[in-house]
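Open the model in your viewer and keep the selection panel at hand. Each stop below says what to select and what is there.

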Amino acid sequence: MRVLLVTLLFLSISISVFGQTNILVLQSDFGLKDGAVAAMKGVAMKVSKQIIIHDLTHDIPPYDIWAAAYRLDQSASFWPRGTVFVSVVDPGVGSSRKPVVMKSKSGHYFVTPDNGTLTLVAEHLGVESVRVIDEHLNRLPGSESSYTFHGRDLFAYTAARLCAGEISFEKVGPLLSDGPHMLKYQKPLEERGVIYGSIDILDVQYGNVWTNIPSALLEKAGVRTGDTLQVEITEGDSVRYKEVVLYGNTFSDVQKHEVIAYLNSLLNFSMAINQGDFARAKRIGSGPAWKIRVKRQE
Amino acid sequence: MRVLLVTLLFLSISISVFGQTNILVLQSDFGLKDGAVAAMKGVAMKVSKQIIIHDLTHDIPPYDIWAAAYRLDQSASFWPRGTVFVSVVDPGVGSSRKPVVMKSKSGHYFVTPDNGTLTLVAEHLGVESVRVIDEHLNRLPGSESSYTFHGRDLFAYTAARLCAGEISFEKVGPLLSDGPHMLKYQKPLEERGVIYGSIDILDVQYGNVWTNIPSALLEKAGVRTGDTLQVEITEGDSVRYKEVVLYGNTFSDVQKHEVIAYLNSLLNFSMAINQGDFARAKRIGSGPAWKIRVKRQE
Amino acid sequence: MRVLLVTLLFLSISISVFGQTNILVLQSDFGLKDGAVAAMKGVAMKVSKQIIIHDLTHDIPPYDIWAAAYRLDQSASFWPRGTVFVSVVDPGVGSSRKPVVMKSKSGHYFVTPDNGTLTLVAEHLGVESVRVIDEHLNRLPGSESSYTFHGRDLFAYTAARLCAGEISFEKVGPLLSDGPHMLKYQKPLEERGVIYGSIDILDVQYGNVWTNIPSALLEKAGVRTGDTLQVEITEGDSVRYKEVVLYGNTFSDVQKHEVIAYLNSLLNFSMAINQGDFARAKRIGSGPAWKIRVKRQE
C-alpha cells in the first residue's frame, strides 16, 4: 500500500512538474487578419490543451520561401530542445512538394512543405533525419475532402500530435533518404582581405540591411570595430551603393542619420542609418541577386 | 488516514492533470497597436492564471459586424468544446445592444454584444441558449464609472470568469427568449443547374474571393473538379466579372497568374489567381451586395 | 513515513496549483514581421516553460519613448501583482542608458532601458525601488560578443529569470538611488472653470484623441455628461481646432459622423467622431506639443 502511494505520489509530482508537453511555434504567410492561424491553433488545442503555442511570424511576404527559411534560422536556436516549428509558406500549395518533418541535430522539429524552407536550419543546426508525413495516418479526421488548407489539416495537426507526444517522430511517416530540398545561394568568402557575401534580408521594421557575412570572416580579414570600411553593394551587375563607412559597436557610435556598419544580433555584418531607414534611403533590396563586397580602408 | 491520503493524492493528480480551465479566444476590431487587447488579457489573468488565452484576430475591419460573424464561423468549430470566444465589434458601443453569452449546441460559448455577430455560428453550430449578461453581477469591480470599454470590463471579465469556472453559464444572467439577433443575407441555392450565392468575404492576405456556396450544392448541380465553369459576379445590378474558368483541386492546376475556381478550407466555392490577387485584379468586393452565379460549361 | 508522505503530497499539490510562475508581458517597437520577438520568447521558454507569455504591443512607433511609457501605463494595472513587463523602445540602443528593473508599489516589475519609459507607471503605480541590471550576472550565456540585441540577451533573459523565480529582485543588480529617468510633460490643471491639459496619444485604430485630463478635473470644473463644451486644441502656438461639442456617455449619443467628447476607458477626457476618424479629419497629433483647453458652455 505504501509503495503504491509513494508511486502514485511521484507520478503525480512528475505529471504536474515534468509532464509539460513541448512548445509549438507557428510561422506562415497567412497574416493575422482572418481565422486561418486561429483554426490551426484550435486544431492543436483539440489535440491537447497542454501544448504551449507561440507565433514566430505570420507576416512572411506571400510565397517568399527564402524569407521563411531565414526567419526560422533567425530564431529556432533560441528555443528549447524539443520545440516543434510549423512553417507554411508555399507557392505550390497542394502541389508535389512533400510534406515533411525534419529533426535537427539540435533536437528541434520542423514541420513544413519541403520546398526549400529548411535550407538554412538544415545547414546551421544539422539534419538528424527527415520524414515524409504519411497523410493516411496524420491528417485531421474529417478533413479528407478539403484540398487547400494543408496548414491546418496536415501540418498543424501532425505538429500538435508530435508536440503532445501522441505520435513519436518515427510515426510521422517514412524516412526521406535524400534529405531536405536545399535552395542555392551565394555563400560568404574572404580572398586577400576582401570579403564577399550577399544580402540575406532586410530588417523590415527599421530598414537595416543584413548580410550573410559572419563576424569570424571579418576577423579573418583583419577588420575590427572602429575601422572604416569600403562597402560596395551590387544588384546583378549594377552597383547600387559604394561608400566608406564606420564599423561600430552600437548605433550611437555615429550621429543621427549617419550610416553605420555593425554586427546584428546574429553576429552578421549589417548596415543601418542611425534612427533612419538604410534600405529605403539607398534603395537596397535582399535575396540571392543582391551581393556585397567589404574591404578595410587602409 | 490512508483513505485521506489516497483521496488527497487523487485530488492532487486530478488538479494537476484535469484541473486545467478552458480556453479563451479573443476577437475584436481594436488592432494590436495600443494596450486595449492587453488590458483585456490582464483582466482575464487576474481572474485566473490557468486560463489559456489565444487571439482569433483583432484586425476585423472597424465596425464590420458581418466580418466578425464570418471570422467566428470560420474557426470556432476547430476549437475544443468549452472554448469561450469573446467578439467585440460594435458600431453602437454602449448603445442598447444587449451584452450576451450564447452557448452553441457544439458546446462553445460566445460572449459579445448581440448585434448580429452571432448570425453564422448560430446557424451552423446551433443555439442551445442565449443569456443576457447581468451587469450588476458580472462587471469588473471598480469599472462602474467607465462608459466606453465594455470589451474589457464586461465581456473579457465575464468570459474569463466563465472560462475559469468562477461562474456557471446560468449565473451569466437571464435567458434571452428570442435568441440572438440575426443578420439577413443571400443564401446559396441551385436551380436547373445554375448555382446562386453571394461573396462572403475576401481572403485578405491573398485577394481570393470566398463565396457561401458549399461543395454539396456544386455536386448537386453536377459540377466536378476539372470542369470548366461559367462564372458571373454582380454588385447590385451591375455585372463586374464574367468569364469561363477551370474548377481545380489546387492552385498548381493552373499556370502562374491564371484564374482558378476551387474549394477553400471551409469547402466553399472560391476564386483565386495562382500567385496573384483576384479581388484586386478584377475589382471584386464582398458582403450582401456582391452575388455570384455559377454554371457548368457544357 | 506518513509524515513524509503527507509532506510530499502537499508539496505536490502546491507545486501543481500554486507553483505557477508569473506572467511575462512584452512590449517593443520591433513589429512582428521578423524573428526578433520570437527569439525573446524562445529565450524565456528556455528559462522555464512555466512562464506565461503575453504581448502588450510590438507596434510602438519606432523610437517613441513617450508612446512606450503611455502604453505601459494604459494596461499595467489590469495585470496581476507579480507580472513582469519588458519594454524595449530605445533610440540609444547600446548607449549609456542603464538597463533597469523597477518594482512598483503595486507589485509589478518593469524591465527596460531607463530612458523615460518608466515615467508614467512610476507616477501612477508608485516606485518601490529601481535596480540596475548587472550584466555580468544577468546576461544570456553565449551572447557576450553581440552588441545590439539587448532586448533578447539582457532584458528578456533577466525578466524571464525574475518571472520564473530563478533570481530574486535583489539579485537583478545594485539599487539605483535616484529613481527612474522621468520625461517632462504638461500636467492637467483647472483654473476658474477652464481645464488645461495635453493630448497624450491617438487611439490609433479609430483616430480618437486621448488627453491627460482626468474625470475628476472635469467634475471639479462642474462639467457633467450632457453639457456642451468649448474645446480648443493648439499645436505649439497655433490653434488647430476650436468648436463647441457635446460631452456624452457613449458614441451613440451623437449622430454618425458627429464629434463627441467623452471619457475613455482610462476615464480621461477624449474626443472622437462617431464611426469616423477625428484625428485624421481634424489633423490632430499627440505628444507634449499638443495642448487642449476645455470650458463648459454657459
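This is a predicted model: local features need pLDDT of at least 70, side-chain atom pairs count only at pLDDT 80 or more; totals for chains, interfaces and linings use all residues.

## Stop 1: a helix pair in chain A

Select Ala39(A), Met40(A), Val43(A), Ala44(A) and Val47(A) in α2(A); they meet Gly151(A), Arg152(A), Ala156(A), Tyr157(A), Ala160(A) and Arg161(A) in α5(A). Contact here means heavy atoms within 4.5 Å. Sort the residues of this contact by class: eight are nonpolar, one is polar and two are charged.

Residues are numbered from 1 along each chain as its sequence is written, chains are lettered from A and ligands numbered from 1 in the order in which they are written, and side-chain values use heavy atoms, with hydrogens and water left out.

Now show the whole of α2 (residues 36-47) and α5 (residues 150-163) in chain A. The two helices pack at an angle of about 35°, with their axes 9 Å apart. Axes are lines fitted to C-alpha atoms, for helices over the stretch in contact, and angles run from 0 to 180 degrees between N-to-C directions. The crossing of α2(A) and α5(A) is right-handed. That term applies if the near helix is turned clockwise from the far one by less than a right angle; anticlockwise is left-handed.

## Stop 2: chain A as a whole

Zoom out to chain A. Seven helices and 14 strands make up its list of elements. These are DSSP runs, numbered from the N terminus: helices are H or I with at least four residues, strands E with at least two. Of the 298 residues in chain A, 61% are buried. Buried means under 20% relative accessible area, exposed over 50%, and partly exposed in between (1.4 Å probe, protein chains only).

Among chain A contacts between residues at least 6 apart in sequence, 65% join residues at least 24 apart. The chain exposes about 12,000 Å², and carbon and sulfur atoms supply 50% of it. These areas come from the Shrake-Rupley method with a 1.4 Å probe; for residues, only the protein chains shown count as cover.

## Stop 3: Arg139 in chain A

Go to the loop between β6 (127-132) and α5 of chain A, where Arg139(A) is found. Is Arg139(A) buried or exposed? Arg139(A) is buried, because its relative accessible area is 12%. Its side chain makes a polar contact with the side chain of Glu135(A), at 3.1 Å. A polar contact is a pair of N or O atoms within 3.5 Å; within protein, one must be able to donate a hydrogen and the other to accept it, and residues adjacent in sequence count only if both atoms are side-chain atoms. For scale, pick Ile260(A): 121 residues along the chain from Arg139(A), with 50 Å between the C-alpha atoms.

## Stop 4: His108 in chain B

Switch to chain B and select His108(B), in the loop between β4 (99-104) and β5 (109-113). His108(B) counts as buried because its relative accessibility is 3%. Which backbone oxygens lie 3.4 Å from a polar atom of its side chain? One belongs to Ala76(B), another to Pro80(B). Beyond neighbours within four places in sequence, the contacts of His108(B) include Trp79(B), Phe85(B), Met102(B) and Leu125(B).

## Stop 5: helix α3 in chain C

Move to chain C and select α3 (residues 65-75). This helix is largely enclosed by the rest of the structure, because 11 of its 11 residues are buried. Among them are Trp66(C), Tyr70(C), Arg71(C) and Asp73(C). At the start of α3(C), a side-chain oxygen of Asp64(C) comes within 3.3 Å of the backbone nitrogen of Trp66(C).

## Stop 6

Select Thr112(C) in strand β5 (residues 109-113). Thr112(C) is buried, with a relative accessible area of 1%. Leaving out residues up to four places away in sequence, Thr112(C) touches Ser87(C), Lys98(C), Pro99(C), Val100(C), Thr117(C), Leu118(C) and Phe155(C).

Finish at His136(C), in the loop between β6 (127-132) and α5 (150-163). His136(C) counts as exposed, at 78% relative accessibility.

Definitions and conventions
Ala, Val, Leu, Ile, Met, Phe, Trp, Tyr, Cys and Pro count as nonpolar, Asp, Glu, Lys and Arg as charged, and the others, Gly among them, as polar.
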